[in-house]
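User: Please examine the model below with me, so that I may learn how to read its backbone and its ligand surroundings.

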Amino acid sequence: MEKRVTFKGWLLPVCLIAPQVFISAVFFFYPAAQAVWQSLFIPDPFGLSKQFVGLGNFEFLLTDRFYRASFLTTAIFSVLVTLVSMIPALFLAVLADRLIKGAGVYRTLLIWPYAVAPAVAGVLWLFMFNTRVGVVSWYLGQLGYDWNHVLNGGEAMGLVVVASAWGRISYNFLFFFAALQSVPKSVIEAAAIDGARFWRRFFTIVLPLLSPTTFFLLVVNVVYSFFETFGVIHTITSGGPQQSTTILVYKVFSDGFVGQDLGSSSAQSVILLIVVGLLTVVQFKYIERRVHY
Amino acid sequence: MATVTLKNVKKSFGPTDVIHGIDVEIADGEFIVIVGPSGCGKSTLLRMVAGLETVTAGDIHIGDDRANDKEPMDRDIAMVFQNYALYPHMSVAQNMGYGLKIAGLPKDQIDAKVGEAARLLQLEALLDRKPRQLSGGQRQRVAMGRAIVREPSVFLFDEPLSNLDAKLRVQMRLEIKELQSKLGVTALYVTHDQVEAMTMADRMIVMNGGVAEQIGTPLEVYESPRTLFAAQFIGSPAMNVLDAEIKDGSVRLGGVKIAPTDAADGKVKLGIRPEHLKPDPSGPIDMEVQLSEPLGANTLLHGRLRGSEEPFTASLPGVHRTSIGSHQMLKLKVASEDIHLFDPQTGTRY
Ligand SMILES: Nc1ncnc2c1ncn2[C@@H]1O[C@H](COP(=O)(O)OP(=O)(O)OP(=O)(O)O)[C@@H](O)[C@H]1O
Ligand SMILES: [Mg+2]
């Protein structure tokens with residue numbers, strides 16, 4: 001049964017939802033409408049006038065080689081960020097859950113990276129992997145590996161993925177840890193008596209019971225990898241080399257603010273909006289159905 | 001099928017000693033009930049047999065093997081938990097077949113065994129349901145089914161009926177007992193309900209504060225409780241325990257002779273079960289009735305002894321509509337074979 005609160009008049013409910021509606025209007029609906037509107041024009045190079053082109057911007061984008069490449073880059077990037085931030089988080093949570101003493105200390109230490117702002121995290125990793133002065137790249141050099149993410153697109157991708165996922169591990173860890181603690185102890189014991197050893201129990205009992213948490217984190221992390229990794233990419237690679245780390249959001253920025261092509265940039269944000277909307281619908285429709293037991 | 005032997009088994013959680021050394025030999029196929037008040041260590045004892053808690057000292061043998069260091073899965077036991085501990089994401093059939101699947105049995109054999117257990121427990125119609133779609137009693141049965149499909153040597157039950165309503169509890173009590181004797185599997189059954197203990201046990205272990213106060217058949221414990229605790233815990237309503245005195249070969253309450261005895265003179269605790277009291281106009285016990293509870297088959301009378309503040313209860317057969325009301329005096333007697341004498345210092349039986 002769902003509990004509903006019923007109000008007598010309309011004034012109080014309106015007052016209660018007004019702030020939320022106001023914020024959504026100012027920061028979402030208005031800019032979104034602006035983006036849709038602007039995506040139908042091409043401004044002149046000085047920004048003084050604009051020319052209506054209908055869906056011309058979209059047509060151009062969808063046939064643009066660079067834009068399609070950016071789609072693929074985004075897919076790879078967000079899959080990697082999600083995996084790299086969720087799997088180690090789950091593993092650490094399992095280890096912390098097994099601890100009886102000191103779990104609190106362990107947990108506190110693991111939360112710290114989450115407090116580091118994305119851009120700062122980016123700079124941190126940039127210093128460590130700097131081709132000339134970085135600690136890690138120096139050690140890699142000693143081992144005979146020539147690290148250069150400024151020239152090597154794969155290495156650049158690896159670096160932005162790790163830098164983006166790093167702080168998220170803390171966040172995911174917290175959720176996984178809480179979920180693990182709420183798995184009933186007696187269910188685990190029953191499985192132990194039934195003959196399942198630790199990892200068998202983990203995969204057949206614990207993991208399925210974690211699935212609501214896993215699903216939630218999946219959605220949240222995909223959205224994160226799309227929208228909140230801008231700072232990391234901007235500080236580490238600025239989308240390079242040769243656009244190999246230019247994800248869709250970064251391209252909106254670089255085409256719009258750097259390239260001053262506001263029409264195309266707006267069209268890209270509209271496409272992005274649609275993509276994320278579709279992704280979320282798919283996730284909820286097909287995956288969520290399987291996670292409730 | 002196996003014997004279970006506990007030799008001076010002890011358990012401490014850090015500095016707190018919870019089980020102070022328990023010895024018992026359980027025969028093959030025997031139904032043992034561990035009964036005692038909350039927190040006395042029943043679950044802890046059972047979990048040590050299951051291998052879910054380590055044994056601090058002493059030995060546990062299941063069959064011929066020392067089991068102390070064996071994993072739960074290697075002990076050939078099955079356990080039914082108080083909250084059933086079903087796997088919430090699996091169907092009833094999967095729940096029951098999980099252990100067999102892990103043991104690597106082929107699917108058709110698993111299906112056959114699960115089917116058989118389901119028939120035995122009348123769960124056939126529910127095999128495809130998830131635990132959340134079952135009633136408490138049905139979940140209980142699934143938990144039983146999961147225990148029996150693996151054909152263990154020992155069943156362990158930790159208060160399996162405490163979440164059921166009174167009527168279902170009586171029914172399941174019989175079913176569990178029947179199933180156990182049909183399968184001939186040794187069983188250890190934990191409960192805090194003395195009625196369950198009396199009705200189900202071949203032998204019971206009466207526990208208190210981590211100590212086995214008495215180990216014996218229900219009738220042994222009822223008829224000759226070895227300690228004051230066992231005397232008061234088993235039997236309903238609880239036994240009356242009074243300060244009494246032995247002088248000149250008889251037990252005396254406030255100087256009045258109650259029954260003859262050959263125990264030595266001195267102070268004693270006198271125990272009398274309420275159902276052993278009989279009305280008798282010349283009886284030596286003077287009771288002031290304060291409250292009468294008619295239960296139909298018998299009537300409980302609560303009050304106190306004349307000239308004392310000690311509560312006293314009598315249970316008389318049948319209905320006593322008018323003859324006994326509040327604040328009436330009632331004279332009672334008790335047969336000398338029905339009195340229990342305990343050492344006032346140690347609480348052990350004379
Ligand atoms: N993991 C633990 N750590 C410390 N003390 C514990 C632990 N488990 C149980 N105890 C203590 O051991 C004692 C016995 O607990 P146990 O669970 O065996 O009681 P019980 O007889 O089963 O009680 P109940 O009828 O309430 O289930 C209790 O005093 C309890 O506080
Ligand atoms: Mg218990």
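User: Where in chain B is B:Glu159 placed, and is the residue buried or exposed, or partly exposed?

Analyst: In this predicted model, B:Glu159 belongs to the loop between β7 (154-158) and α5 (166-183) of chain B. Its phi is positive, about 45°, although the residue is not a glycine. A buried residue needs 20 or more other C-beta atoms within 10 Å, and an exposed one has 12 or fewer. Because B:Glu159 has 19 such atoms within 10 Å, the residue is partly exposed.

User: Why does B:Ala85 count as buried?

Analyst: B:Ala85 sits in the loop between β6 (77-80) and α2 (92-102) of chain B, and has a positive phi of about 50° without being a glycine. Most residues other than glycine have a negative phi. The cut-off for a buried residue is 20 or more C-beta neighbours. B:Ala85 counts as buried because its C-beta neighbours inside 10 Å number 24.

User: Which residues does the cis peptide bond join?

Analyst: Most peptide bonds are trans. Here, a bond with an omega of about -5° is cis. One of its residues, B:Pro237, lies in the loop between α8 (228-233) and β11 (240-247) of chain B. The cis bond joins B:Ser236 and B:Pro237.

User: Which element gives the largest share of the shell around ligand 1?

Analyst: The residues around ligand 1 include B:Phe13, B:Lys42 and B:His192. Two or more residues come from each of β2 (16-26) and α1 (42-50) of chain B. The shell divides into 3 nonpolar, 8 polar and 1 charged residues. The largest share, 3 residues, comes from α1(B).

Conventions: Residues numbered from 1 in each chain as written. Chains lettered and ligands numbered in written order. Predicted model: local features only at pLDDT ≥ 70, side-chain atom pairs only at ≥ 80, totals over all residues. Helix = DSSP H or I, 4+ residues; strand = E, 2+ residues; numbered from the N terminus. Near = placed C-beta within 6 Å. Nonpolar A, V, L, I, M, F, W, Y, C, P; charged D, E, K, R; others polar.
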